[in-house]
Amino acid sequence: MVLINVVLLVLGLVLLAKGSDFFVKSAASVAQKLGVSEFVIGLTLVALGTSIPELASSVIAAMEQQSGIVIGNVVGSNIANIGLIVGLGALIARIKTKQEMLRRDGYIMLFAALLFYVFIINGKVSRLEALIFLLLYIAYTVFLFETKPKSRDKYEFKEFIRYFFGFKYIVTIRSIIIPRLKNKSKKKSKNKPEEIKTKELSKPDIIRDFLVLIISGFAIVVGASYLVNEAIFFADFFDIPKTVIGISLVALGTSLPELGVTISAARQGYGNIAVGNVIGSNIANILLVVGVSAMIFPLSVIKPTIFYLTPFMIFMSILLLIFIRSNWEISRIKGIVFLALYTLFLAVLFFNKLIIV
């Protein structure tokens, strides 16, 4: 009986991870072949790519009113992204970083973590708070694709705050994104016969991409469903709180895409991609995943999450920013520190009686 559940759990992880990978690639391919600009592709797909497993599993958990799985998944994934993934990446090669990464995205990541803590102090995440998260994520995403400013200070965290509270992202959407889409549509209508013929010849490729898109999307839903259901089973079987299962088992499983991207980037010397992937994923996990999940069903939060798990996530976020600032690189020594802290975190999680309640 238990063996079957283990198999289903592993199957869920595989379907979720591989399904997400194929979904992003096929969606980008379809968008390009249909004439959608790279701007829109980046805005809708690349930015969300590695967070799809967290989003899918959390949405399924929210629909089943399993708040512990959702919160544990988000907090656990963010901790794993820094402690495990950045740690392993730094062991492979020194990760070079840039000042802009700290001044904008790094501080926004920390801001999201602190805001999350403020919202859960009362033991829940309401739909109003979820809406604030979603608006912040929309503003952040649009902010990334703003026309490059004359001053580098435009990209600092304080400018993002002004951008958000000034509702400038609404102006940006109306003045930049919508006109680009309209212009793209006009260009498509003026295509020459030769261009139309070329596109018609690529129909089999488009059909194939659509099939992959549908199949991979189905795999994501099935994989997330298996993962959540089996996580709930093992939580009940071993009498472990669902938040603990979410923060360890589910979080590790849904962090596989980030792990693959970061290790690959570190090997090839693309430090900014490696760390940027982690920071971007952490921002998306809180603002998007929690936002969408809490809109579906308001989330309840247990005391260990408030007094231990979330503070540790904030601590790891601050430590990452300090390490980025130090010589603008994450060395192997820093990677070892991250891995040691993550190991210690898991040990305390499973053996401290204050946590398993």
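At what angle do the axes of helix α5 and helix α7 cross? Roughly 65°, and the two axes come within 8 Å. Helix α5 covers residues 99-120, and helix α7 covers residues 157-165.

Who makes that contact? On the α5 side we have Arg 103, Arg 104, Tyr 107, Ile 108 and Phe 111. On the α7 side we have Phe 157, Phe 160 and Ile 161. Sort these residues by type and you get six nonpolar, two charged and no polar.

One caution before I go on. This is a predicted model.

Stay with α5 for a moment. Glu 100 lies in this helix too. Is Glu 100 buried, exposed or partly exposed? It is partly exposed, because its relative accessible area is 37%, and buried would need under 20%. Now look across to Phe 157. The C-alpha atoms of Glu 100 and Phe 157 are 10.0 Å apart. Along the chain, 57 residues separate the pair.

Let me step back to the whole protein. There are 357 residues, and 52% of them are buried. The protein has 15 helices and four strands. Take contacts between residues at least 6 apart in sequence: 83% of these join residues at least 24 apart. The accessible surface comes to about 17,200 Å². Carbon and sulfur atoms account for 68% of that surface.

Next, the inside. The largest nonpolar core holds 92 residues. Which of its members touch the most others? They are Phe 116, Phe 133, Ile 286, Leu 320, Ile 324 and Phe 345. Pick Leu 320 from that list. Set aside its neighbours within four places in sequence, and Leu 320 is in contact with Ile 82, Val 86, Met 109, Ile 279, Ile 330 and Phe 338.

Now helix α11, residues 242-254. A straight helix of 13 residues would span 18 Å. Helix α11 spans only 16 Å between its end C-alpha atoms. It is also mostly covered, with 10 of its 13 residues buried. Among the buried ones are Gly 246, Ile 247, Val 250, Ala 251 and Thr 254.

Keep those five in mind and turn to Asn 73, in helix α4. Asn 73 counts as buried because its relative accessible area is 1%. Beyond four places in sequence, its contacts include Gly 246, Ile 247, Val 250, Ala 251 and Thr 254. Asn 73 also contacts Glu 54, Ser 57 and Ser 58.

What does Gly 12 contact, leaving aside neighbours within four places in sequence? Gly 223, Tyr 226 and Leu 227. Gly 12 and Tyr 226 are 214 residues apart along the chain, yet their C-alpha atoms are separated by 4.9 Å.

Last topic: backbone angles. Most residues other than glycine have a negative phi. Gln 65 has a positive phi of about 60°, and it is not a glycine. You will find Gln 65 in the loop between α3 (52-63) and α4 (67-92). Asn 327 has a positive phi of about 60° as well, and Asn 327 is not a glycine either. Its place is the loop between α14 (303-325) and β4 (329-330). Is Asn 327 buried or exposed? Exposed, because its relative accessibility is 63%, and the cut-off for exposed is over 50%.

Terms used:
Residues numbered from 1 in each chain as written. Predicted model: local features only at pLDDT ≥ 70, side-chain atom pairs only at ≥ 80, totals over all residues. Heavy atoms only, no water. Axes fitted to C-alpha atoms, helices over the stretch in contact; angles between N-to-C directions. Helix = DSSP H or I, 4+ residues; strand = E, 2+ residues; numbered from the N terminus. Contact = heavy atoms within 4.5 Å. Nonpolar A, V, L, I, M, F, W, Y, C, P; charged D, E, K, R; others polar. Core = buried A, V, L, I, M, F, W, Y, C linked by side-chain atoms within 4.5 Å. Buried < 20%, exposed > 50% of the residue type's maximum accessible area, 1.4 Å probe, protein only. Areas by Shrake-Rupley, 256 points an atom, 1.4 Å probe, with all protein chains shown as cover. Expected span 1.5 Å × (residues − 1).
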